[in-house]
Structure formats: structure tokens, C-alpha cells
Amino acid sequence: MTKHIIELLDEKPFDRFSEAEMVTIRQHISNCAECEKAFEAARVSTVLLNERKASTHEPSAFFQTRVLARLREREASNEVWNFGRLWRATSALASSMVATVAALAVLTLVLPAETSVTSQETVSVNRYSAEAVILNQSQFGEELQSDSQVLTTLYGSEEEVVR
Amino acid sequence: MDLARLAREGDESAFAEIMRRYSPRVFNFANRFFRERSQVEDAAQEVFLKAFTELRSFEGRGSLEGWLTRITTNTCLNMLRSSKRRPELKSSDLTEDESGWLEGQMAGLASEQHKSVERSMVAADLAGRVLATLPPEDQLVLTMMDGEDASVKEIVKLTGWSESKVKVKAFRARRRMREAVEQLLARQPNKR
């Protein structure tokens with residue numbers, strides 16, 4: 001018996017075997033029932049595939065209209081989606097701007113006030129520092145006068161006050 | 001290329017013209033993979049929706065038809081992958097006409113005088129049912145190579161697979177199809 005031809009059958013479609021190959025196949029299947037079954041199945045498979053090739057479907061009359069309608073629908077939904085995306089981007093930008101403005105306001109208004117309080121405190125703690133002396137010269141001048149001197153300035157000499 | 005450029009720029013009438021020219025080809029191609037007319041229409045619709053979206057990527061190096069065929073191949077393959085595969089087709093699942101057609105083949109009644117439109121339709125439908133039992137990639141290779149006479153190089157171009165992958169797939173797909181048909185033939189009452 002010649003070599004089984006099953007693998008040969010799967011190498012190419014049935015209708016593309018050469019004359020010589022067909023002679024070899026026919027010789028073998030005349031003595032091999034197993035390969036004969038495979039040969040018949042390969043032949044029918046090729047007929048089936050060829051029949052499939054022959055069947056056709058034409059586009060329906062409304063096919064084009066339906067596709068164009070789907071395209072428009074999709075474009076419209078894309079626009080809505082794009083608007084949504086734009087809106088989200090805008091709100092994110094607005095939020096960040098508000099946050100920035102708030103931060104700037106805090107830096108501008110609160111921090112300088114705190115700084116002035118601190119300098120006043122410094123002055124009150126150390127009244128005789130060079131800075132305090134320079135800034136509050138007149139104040140210190142007044143405080144250096146005794147109470148009696150102030151009274152004298154206001155009401156004249158002690159004697160005059162007694163009178 | 002002009003049509004493609006115009007369609008890319010949003011000219012709807014140019015895209016309608018592309019559809020008018022190429023939809024018969026797309027339908028014929030999708031028809032090889034799906035038995036139901038509605039599935040063929042769905043596949044064709046998906047192809048043109050994708051084509052419209054991806055027109056920007058069409059650089060005009062190849063033909064518009066070739067570009068659309070590649071989209072059709074991928075679309076059909078994806079649809080086959082997502083659809084439920086029949087595990088096996090038994091002879092008890094066959095219609096009376098399908099059994100009759102197989103009996104005719106076994107009895108050698110495939111001559112011209114026995115050919116008719118009805119018998120061809122039965123055979124085409126049976127082919128679709130047998131193919132549906134195979135993995136999607138096997139269906140693609142068999143349909144293209146054995147059904148459409150496409151060369152290995154053409155399949156490589158359409159799918160992006162290597163040549164050796166196409167050859168191996170074709171070999172295995174033929175064997176699976178042959179075994180499926182052999183099972184059906186073995187259970188026919190009038191077998192030789």
C-alpha cells in the first residue's frame with residue numbers, strides 16, 4: 001500500500017491538485033477505505049466552499065441612508081461629549097483660578113497685618129530699643145517728664161496752683 | 001483619493017459616493033462569513049462607520065478598495081470572535097434539504113443537470129453552518145484562500161499575519177473542515 005494521502009489532502013483545496021497528484025491519490029484510495037472517506041470529505045468541502053462563494057447579498061435600498069443617519073447620530077453624541085469635556089475643563093480652570101485668587105488675598109491681607117502686630121509687640125516689649133526710640137521720640141519725651149512738670153506746664157508754678 | 005480627501009474634510013456626499021461604489025464589494029466579502037442577511041448588513045455598516053472614523057489614517061498609498069477590504073476583514077473577524085460558536089454540527093441538526101444535498105453528493109449526482117438555484121442555496125447555507133463550527137481565524141483563512149482563491153501573500157496583507165502562520169492555519173482549517181464534513185457524510189443513509 002502506498003503512503004496515506006490524508007495530509008496531502010489538507011495541503012491545498014481539492015480542485016487545485018495537479019493531474020499527477022490526482023493519479024497518486026486515486027491509486028491510493030482504491031486500496032485504502034480510510035483515505036477514501038477523507039478524499040470524499042475534502043471534495044465535498046471544496047464544493048461547499050465554492051457554493052458559498054456563488055451566493056451574494058446586495059446592499060438594501062436603505063443601507064446608505066441608514067449608515068449616514070448613524071454617522072450623524074454619532075457626530076451629535078460626540079459634540080455632546082465634547083461639550084461635556086469642555087465644561088469639565090472650564091470648571092477645573094475656574095476652580096484653580098478661585099483658589100489662586102484666595103491664596104493671593106490671604107498673602108496680601110492677612111500676612112502684612114500679622115507682621116505689623118509683631119513689630120508693635122516688639123516695640124512694646126523693648127521700649128528702649130534703637131528702633132523704638134527713633135519711631136516714638138515724641139512719646140518718650142513726654143513720658144520722661146515727671147507728673148509735677150506736666151502740672152506746671154498746664155497750670156503754671158506750684159504756687160500759682162495753690163493760689 | 002479625491003473622494004477620500006473630500007470625505008475626510010466632512011463632505012457627506014463624497015462619503016455617500018464611496019459607499020455607493022464599494023458597498024457591493026463589502027457586502028460580498030461579509031457574505032462569505034455570515035449566514036444571516038442581518039449579520040451581513042451589520043458587518044457592512046460597521047465597516048463604513050469605521051472607515052469614516054479612520055479616513056484620516058488613509059494616506060492614499062494603496063487603493064481605497066484595498067484599504068476598505070482590510071477594514072472589512074478585521075471587522076468580520078472581530079464579529080466572528082464575539083459571536084457564539086457552534087461546538088459541532090451533527091447530521092441530526094441538518095435540514096431535509098441539506099441531508100438531500102449531501103446524499104446527492106455521495107451518489108455522484110453533482111452533475112450540471114442536478115444543479116439548481118435552490119440546491120446551490122442549500123449548499124451555501126450548509127457551508128456556512130459547517131464553517132460556523134470552526135474557529136474564527138480558520139473560517140477567515142478557508143473562506144479567503146479556498147473560497148475566494150486568495151494567495152498566501154494576499155492573506156498576509158489583509159491580516160498582518162506571517163506567511164508561515166497563514167500556511168499552518170490553512171492546513172489546520174482544511175483538516176477541521178474535512179473532518180466536520182466527514183462526520184456528516186458518515187451518517188448519511190445512502191453512503192457509498
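Tutor: α2(B) and α3(B) are oblique to each other, because their axes cross at roughly 135 degrees. On the scale used here, angles under 35 degrees count as roughly parallel, over 145 as roughly antiparallel, 65 to 115 as roughly perpendicular, and the rest as oblique. The two helices span residues 12-31 and residues 37-54 of chain B, and their axes come within 9 Å. Axes are lines fitted to C-alpha atoms, for helices over the stretch in contact, and angles run from 0 to 180 degrees between N-to-C directions. Helices (H or I, at least four residues) and strands (E, at least two) are DSSP runs, numbered from the N terminus.

From α2(B), the contact takes in Phe15(B), Met19(B), Ser23(B), Val26(B), Phe27(B), Ala30(B) and Asn31(B). Facing them in α3(B) are Val40(B), Ala43(B), Ala44(B), Val47(B), Phe48(B) and Phe52(B). Two residues are in contact if their C-beta atoms, placed from the backbone, lie within 7 Å. By class, this contact has eleven nonpolar residues, two polar and no charged. Here Ala, Val, Leu, Ile, Met, Phe, Trp, Tyr, Cys and Pro count as nonpolar, Asp, Glu, Lys and Arg as charged, and the others, Gly among them, as polar.

This is a predicted model, in which local features need pLDDT of at least 70 and side-chain atom pairs count only at pLDDT 80 or more, while totals for chains, interfaces and linings use all residues. Residues are numbered from 1 along each chain as its sequence is written, and chains are lettered from A and ligands numbered from 1 in the order in which they are written.

Chain B as a whole has nine helices and zero strands. Of its 192 residues, 34% are buried (20 or more other C-beta atoms within 10 Å of the residue's own; exposed means 12 or fewer, partly exposed in between, with C-beta atoms placed from the backbone). Among the contacts in chain B with a separation of 6 or more, 69% join residues 24 or more positions apart. The mean pLDDT (the predictor's confidence in each residue, from 0 to 100) of chain B is 87, and 91% of the residues score at least 70. Confidence in chain B is lowest in helix α1 (residues 2-8), at a mean of 85, and highest in α9(B), at 94.

Another helix of chain B, α7 (residues 136-147), is mostly covered, with ten of its twelve residues buried. Those buried residues include Leu140(B), Val141(B) and Leu142(B). The buried residues of α7(B) pack against α4, α6, α8 and α9 of chain B, and also against α3 of chain A.

After α7(B) comes Asp149(B), in the loop between α7 and α8 of chain B. Most residues other than glycine have a negative phi. Asp149(B) is not a glycine, yet its phi is positive, about 60 degrees. Asp149(B) counts as partly exposed because it has 13 C-beta neighbours inside 10 Å.

The packing of α7(B) against chain A can be described in the same terms. The axes of α3(A) and α7(B) are 10 Å apart, at an angle of about 85 degrees. That makes α3(A) roughly perpendicular to α7(B). Thr46(A), Leu49(A), Arg52(A) and Lys53(A) of α3(A) meet Leu142(B), Asp146(B) and Gly147(B) of α7(B). This contact of α3(A) with α7(B) divides into two nonpolar, two polar and three charged residues.

Between the chains, 32 residues of chain A are in contact with 40 residues of chain B. On the side of chain A that touches chain B, two or more residues each come from α3 (33-54) and α4 (63-125) of chain A. α3(A) gives the largest share, 15 residues. By class, this side of chain A has 15 nonpolar, seven polar and ten charged residues. The predictor gives the complex an ipTM of 0.84 and a pTM of 0.68.

Chain A itself has eight helices and zero strands. Of its 163 residues, 12% count as buried. Residues 24 or more positions apart make up 50% of the contacts in chain A with a separation of 6 or more. The mean pLDDT of chain A is 77, and 65% of its residues reach 70 or more.
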